[in-house]
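Subject: Structure for you to look at

Hello,

Here is the structure I promised you. Please open it first, then read my notes below.

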Amino acid sequence: YFKNIGRFIEIKYMPQEKARGLLAEVNDNFVVVTFDEKIKEGKKNKTVSQRVEIPFEKILEAKIKLSL
């Protein structure tokens, strides 16, 4: 995972969840994925940056997504 820091990644982890975003950090016990989420606030959309820590034990599948 260390060589893929800064790339877009899609991770499937337990229980039946997905995280798709930028691989921001890799630790000894977990990986950190950051992504932007749009939230509707009144008539305008607001973009909020989310950060998810996923332990290695819960990861079922991880794929690097190429952006062209």
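**What I found**

At 9% relative accessibility, Glu10 counts as buried. Here, buried means under 20% relative accessible area, exposed means over 50%, and partly exposed lies in between (1.4 Å probe, protein chains only). Keep Glu10 in mind, as it comes back below.

Two notes on the source. This is a predicted model, so local features need pLDDT of at least 70, side-chain atom pairs count only at pLDDT 80 or more, and totals for chains, interfaces and linings use all residues. Residues are numbered from 1 along each chain as its sequence is written, and side-chain values use heavy atoms, with hydrogens and water left out.

**The chain as a whole**

The protein chain has 0 helices and 5 strands. Both kinds of element are DSSP runs, numbered from the N terminus: helices are H or I with at least four residues, strands are E with at least two. Along the sequence the pattern reads β-β-β-β-β. The C-alpha trace spans about 40 × 30 × 20 Å along its principal axes.

Of the 68 residues in the protein chain, 22% are buried. Its accessible surface is about 5,500 Å². Carbon and sulfur atoms hold 49% of that surface. The areas come from the Shrake-Rupley method with a 1.4 Å probe; for residues, only the protein chains shown count as cover.

Now take the contacts (heavy atoms within 4.5 Å). Among those in the protein chain with a separation of 6 or more, 41% join residues 24 or more positions apart.

**The sheet**

In what order do the 5 strands form the open sheet? The order is β4-β3-β2-β1-β5, and the pairing is antiparallel. Two strands pair if DSSP finds at least two bridges between them. β4 and β5 stand at the edges with a single partner strand each, so one side of each has no neighbour in the sheet. From one strand to the next, the twist averages 35°. For such angles, axes are lines fitted to C-alpha atoms (for helices over the stretch in contact), and angles run from 0 to 180 degrees between N-to-C directions.

Look at one pair more closely. β2 and strand β3 (residues 30-41) pair in the antiparallel sense over 4 bridges. Leu23 stands opposite Val33 in β3.

**The salt bridges**

How many salt bridges does the structure hold? There are 5. A salt bridge is a side-chain nitrogen of Lys or Arg within 4 Å of a carboxyl oxygen of Asp or Glu.

Back to Glu10. Arg20 forms a salt bridge with Glu10, and their closest N and O atoms are 2.5 Å apart. Arg20 sits in strand β2 (residues 17-26) and Glu10 in strand β1 (residues 8-13), so the pair ties together parts 10 residues apart in sequence. Glu10 is buried, whereas Arg20 is exposed at 56%.

Next, Lys12 and Glu61 meet in a salt bridge, 3.6 Å from N to O. This pair links distant parts of the chain: Lys12 is in strand β1 and Glu61 in strand β5 (residues 59-65), 49 residues apart. Lys12 is partly exposed at 31%. Glu61 is partly exposed at 30%.

Arg51 and Glu25 also meet in a salt bridge, 3.0 Å from N to O. Arg51 lies in strand β4 (residues 44-55) and Glu25 in strand β2, so the pair ties together parts 26 residues apart in sequence. Glu25 is partly exposed at 32%. Finally, salt bridges that share partners join Glu10, Arg20 and Lys65 into one network.

Best wishes
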